[in-house]
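This report describes a predicted model of a complex. Please look over the sequence and the structure below before reading on.

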Amino acid sequence: MVSPRSPIQNALQAAGAVFGEHSGVTAVTDFGAPIGEAAAARRLGLADLSPLPRVGFRGPGARDWLTAQGVELPDEPNQARTQTDGAIAITRSWTEVLVLGRIQEADSLCARLAAGAADAHCARAYSLPRFDGMFWFALTGASAADCLAKLCGVDMREPAFPVGSVAQTSLARLNAVIVHVDVGEAPLFHLLGDSASADYAWTSLLDAMQEFGGRPVGLRVLHALAREFK
Amino acid sequence: MKIMPCPLNGPRNIQEFTCGGEVVAPPDPDRADAAAWADYLFLHHNAAGIVREWWYHVPTSFWFIADRNTVTDEIVRTFLPRELFGADARPDHP
Amino acid sequence: MRERLSPPAGSRIDRSRPVAFEFEGRAFTGYAGDTIASALAANGAWCLSRSFKLHRPRGSFGFAGDEAGALVQLESEPNVQADTRAVEPGLRVQAQNTVGGLERDQAALLGRFERFLPVGFYYKAFYKPRGVWNWWEKIIRRTAGLGRVDRSWTPEYFDKAYAHCDVAVIGGGAAGLAAAAACGDQGLDVLLIEREPELGGWLTYGRRKSADRTLDDLRRRVQALTSVRVMTSATCTGWYADNWLAVSQGNRLHKVRARAVIACTGGTSQPAVFRNNDLPGIVSAAAAQRLIRHYGVRPGLRAVVLTTGDEGYAAALDLAEHGTDVAAVVDCRPDPPAGPMASQAEARGHRILSGHTVREARRDSQRLQIGGVLVTRVTGPGACAADGEELDCDLLVVAAGVAPAGGLLAQAGAKFRPSGRGAVPRLESLPAHAYAAGVAAGASTVEEALAQGEQAGLAAAADLSGSAAAAPAIAARPAAAEPTVSWPVFPHPDGHEFVDLDEDVTVREIEDALAEGYEDIELLKRYSTVGMGPSQGRLSAIATAAVTAAAQDSTAAAVGATTNRPPSVPTRFGLFAGRGFQPVRHTPMQGWHVDAGAQMMTAGLWMRPAYYGPPEKRADAIADEVLAVRRAVGLIDVSTLGGFEIRGPDALEFLERAYTPSFRRLRVGRTRYALLTDEQGVVVDDGVAARQGPDHYYVTASTSGAEQLYPLLLWYQAQWQLDVDIADVTSAYGAINIAGPQARRVLEKLGIDIGLSPEACPYLAARTGKLAGVDVRLLRIGFVGELGYEIHPPASQSLGLWQALIDAGRDYGIRPFGVEAQRVLRLEKGHVIVTQDTDGLTHPHEVDLGWALGRRKPFFVGKRSIEILREKGLSRRLVGYAVPDRRAAVPDEGHLVVRDGEITGRVTSSAWSPVLDQAIGLAYVAPDQAEVGSVITIKAARGRLVEAEVVRLPFYDPENLRQAI
């Protein structure tokens, strides 16, 4: 049995990651010091969400087909809408949508959408393999916007980049999708980009985080943040 | 750094884009003589004034067209290729 | 250490923290908060360096970080501005540009050869007779240049960050503080950038009434505004398009984007031009006041003040009140108007010599600094009497006016011009979303600066809120502040009246350059080097314009000014070189390769295994890998191949237009070679198209080509507007090529639900199914000429599958192979690698790819050009060659094919084939050399000529039986 691996599996292991079952997949629980991580997540934390499901659709029929599947879409490109189950629908253009599975509990939406890919193809909504093609990190904490300012030319501070905003831009010269979501006090940015460059992105982010005392965090802390917000 | 108003992503640093050169309508490849074809391929107008150019936003792999004044470097307008190359604008070869 | 002045003088120093340091090997003590130059001045040491060309003693004139004279050497940092760099405990400072020390600079003899160093000597002296440059170069390299690079330095971390704001205010003096406060009051996000360690500018050192609360009020107002961010010790070095500012602070370069910018950059105190005006101890009025108020330094015991306005009197009053004996105030104006400071000075009984100037300064007999001045009567514009009064002094304070610091504004597109017969540039116009206030905009009093700042702030706020009535940005300058005399430039028959202290340019040199015809200000600059030093003309441009205007009987306005370019102040290389970003792409198997001892190489942004094994066994490793594929089975990671999904009703139509072959008859489950040419008919990439479904194709692209190919395909689609979607799935799929006679057995052992028999899965078939439980796309293709399968699993499962294949193949002698072995294997099969065997002109017929052209297609990109090129006839052809002599040198890629002393082609690929046991390769040759059996000559390394025979391709397995089994 060959199970999926995060594109930064080696880096995670080298950093002392403890793996466990989260939201139906195997992902990083913590990095061995769960107590410090909670504080780090509020200050500046970086989590690897790559093992969690995500899927993309593009084509003239993509919006209609997804709407028919019950996905609520933002009206304009470069916006994110949180679904009732916690998943996030991101419009990457007028005809492309990226769906991120919810992080609080096991995904159901992405699996359902992926299973309908053949049907979608007939409706000219072509599925895009974003699980394998893109890494998915989450950057949390009060210093997140300042940290991103070292890597990215788009202003990520409130009110320039409010919750629900999406920027597709260059992050450390890497093409990336940056999504600002609401988890209460501290901002959280989802970062997605070319999975082959995941090692590079992870290293670049950790380097930029250093001056703020940032560190990698696991899903346990992220879940706690999300629960608090609920 | 200059700002390019992208029709999809809004104003962005010009560093996020590459220029694809002037929008030039190719002559009919079946009817154009070799000289006219070479003119299309190799001779560029390089006009001083407002020119129509292809631009590509790299992070979204998005092509669009910009009217830019080459004298002042002012970007007058940006728009989708569809406006010039709509369904009716397909080249005349099946 | 000499006694410092008592507080409130010395606002920046902490008298409780002495700082010991060294200058030129001598011990000095300053205080925390001192600059290197202020601490030295406190000890009576004015001379900091020798000048660049003539090795004359120099110090700082302005104490504001502008001049070459204040550049010093730290242990591991050259060209440090001594008048702004804070002194630190244990700092070892050396003077620059000396041979054997500041006091006894042997190179000072150069000054005696001055007449041999005329203007433009760079362009004149070193070229004749022929060859003399080689001799001069060594001397110039040793004596020229400024500091010394320490090659054993400890690396430091430099980086960059973006910053955003509504309004950036450059300069935190009176005008800047007022502007920032005005914008902040409107709720705008303001970034206030101040190059000094504290806000306030002139207010921190200028002469004010003792009860004046202006500075405290302004600072408090700005600090109370949360929307105003203050950056101190931060220098704006460039103002680029769309209000993009470069701001250096410490080891970080901030790239600031502002919606509007207000320049409150202040001004630069100007020197006067007279004989020996470069002596250490000649300082600006502002410098004297900085020394007193910032550092508590009494600048001299006995001073002469030379002035052209009221500010000289203020300096005289300050000096007198702080214990300096003021010998005289020399005022160039014949009938000075009664300014407030002049009146005070007169009332206090200062000796005032109006209508006079300093004709020349004299060096102290003991020390490297000023010892006295000759004061004479002004007799006309730029002229003064030869005889006058000698005055002894250890300080000459010059108040020759302040020029607006307009360099940054000019970069942004603002226009400056002197008015009438004046020499001082005045702001004329501003570009959109740019504002100016304070001295830079022509203000001459604090009240004016404050009003302008407030006004500019409100104007910027109105601009950003979109209200039409933006206030006028340029304040009218009151006529009373116009200079009333010619610029104080007094040429001397014996010279040494320096227009540019950085570059040792004198009045006569400017005049000579003009006489030689370098009349345009830009040419004059380059020829004479005036304005080319670190101060970039801030202290010399006005005098240059004045001298030029006088020589041409013109006006400074007509002379014009040189173009301002960033960086406007010297900037450390670290700030530019600091932390850049260079993305790297890893295949899912990267870690495995490294663990297996692979030598990794870059291929575009990717890392790929070149071969497995230590570098000293490179050749053996490659040969073993080749033989493993030919005799057993090999495995190569080809995840770097591009992968595109072409889907939709017009998918076929898109392929037909974009690629050269026809895909109309390609059935689902089959693959076809996909060649791509550009509009000029040049081969740009190749890959394989697999038909996955009726309107679904999966097309691969070369590792090097994929990144450029995707935008190209999308560009076609932008014009064609077909009903098709093109998706780049390169990173979503890993790719593993398993090749060799045992390949099928390995897959079967691993467990696959796809029938692999030659009938069920023939050569060129495309299948999908499960291999070891993983969903894969399986293409029966190969580049190496053996039974082979290209397996495309999801990226996240690729490593697992790779490991499973290695495990399953162990019994069959499986071996991973790298790019080097693959190059040999494909060469044995005569396959062309696009961009290695093709160049920017190669069209398909030159490389025998005519068969890949869909000739009956009505259109494909490049078709018309290929037809034209074909009609013209071939000028070269790519052929396979073999070297019969096994002891001959193996040619290298790039070696030339020669005939009768003429070049007819070149080698594009070359290798020693372990299977054929001889050197083989591909080469371009003349068309008449392309026949099989022709003998060609290759000029190999060290000019050795190698005979090679043109042979039929492929070299190996010519019937292509092995890949079809």
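## The nonpolar cores

In this predicted model, the largest nonpolar core has 190 residues. A nonpolar core here is a set of buried Ala, Val, Leu, Ile, Met, Phe, Trp, Tyr and Cys residues joined through C-beta atoms within 7 Å. A residue counts as buried if 20 or more other C-beta atoms lie within 10 Å of its own, as exposed if 12 or fewer do, and as partly exposed in between, with C-beta atoms placed from the backbone. The residues with the most contacts inside this core are A:Phe137, C:Leu655 and C:Ile738. Helix α8 (residues 198-209) of chain A gives the core its largest share, 7 residues. Both domain 1 (9-52 + 133-229) and domain 2 (54-131) of chain A supply residues to this core, so it lies between them.

What does C:Leu655 contact, leaving aside its neighbours within four places in sequence? Its partners are C:Ile646, C:Phe663, C:Ala689 and C:Tyr697. Two residues are in contact if their C-beta atoms, placed from the backbone, lie within 7 Å. Apart from this core lies another, of 178 residues, including C:Val19, C:Phe21, C:Leu71 and C:Val358. In soluble globular proteins, nonpolar side chains tend to be buried together.

## How the model is described

Residues are numbered from 1 along each chain as its sequence is written, while chains are lettered from A and ligands numbered from 1 in the order in which they are written. Because the model is predicted, local features need pLDDT of at least 70 and side-chain atom pairs count only at pLDDT 80 or more, whereas totals for chains, interfaces and linings use all residues.

## Domains of chain A

Chain A is divided into domain 1 (9-52 + 133-229) and domain 2 (54-131), with bounds that come from an automatic or database domain assignment. The centres of the two domains, taken over C-alpha atoms, are separated by 22 Å. In the contact between them, 18 residues of domain 1 meet 18 residues of domain 2.

On the domain 1 side, β9 (134-140), β10 (166-171), β11 (174-182) and α9 (219-229) of chain A each supply at least two residues. Helices (H or I, at least four residues) and strands (E, at least two) are DSSP runs, numbered from the N terminus. The domain 1 side that touches domain 2 has 11 nonpolar, 7 polar and no charged residues. In this scheme, Ala, Val, Leu, Ile, Met, Phe, Trp, Tyr, Cys and Pro count as nonpolar, Asp, Glu, Lys and Arg as charged, and the others, Gly among them, as polar.

## Contacts between chains

The contact between chain A and chain C takes 32 residues from chain A and 31 residues from chain C. On the chain A side, β8 (126-128), α6 (130-133) and α8 are the elements that give two or more residues. By class, that side has 14 nonpolar, 9 polar and 9 charged residues.

Chain C also touches chain B, with 20 residues from chain C and 21 residues from chain B. On the chain C side, the elements that give two or more residues are α19 (706-720) and α23 (863-872). The largest share, 7 residues, comes from α19(C). The chain C side divides into 12 nonpolar, 4 polar and 4 charged residues.

## A helix and a strand in chain C

In helix α5 (residues 214-223) of chain C, C:Leu215, C:Leu218 and C:Val222 are buried. Seen down the helix axis, the buried residues fall within an arc of 70°, so they line one face of α5(C); the arc is that of the directions from the helix axis to the C-beta atoms. What covers them includes α4 (174-185), β9 (190-193) and β10 (228-231) of chain C. On the other side of α5(C), C:Asp216, C:Asp217, C:Arg220 and C:Gln223 are exposed.

C:Ala399 lies in strand β23 (residues 395-399) of chain C. Is C:Ala399 buried or exposed? C:Ala399 is buried, because 26 other C-beta atoms lie within 10 Å. C:Glu311 is 88 residues away from C:Ala399 in sequence, yet the two are 6.3 Å apart in space, C-alpha to C-alpha.

## Chain B

Chain B has 1 helix and 6 strands, which run β-β-β-α-β-β-β from the N terminus on. Of its 94 residues, 20% count as buried.

## Confidence

The predictor gives the complex an ipTM of 0.97 and a pTM of 0.93. The mean pLDDT (the predictor's confidence in each residue, from 0 to 100) of chain C is 92. Over residues 478-482 of chain C, pLDDT stays under 50. Where pLDDT is low, the predicted coordinates should not be read in detail.
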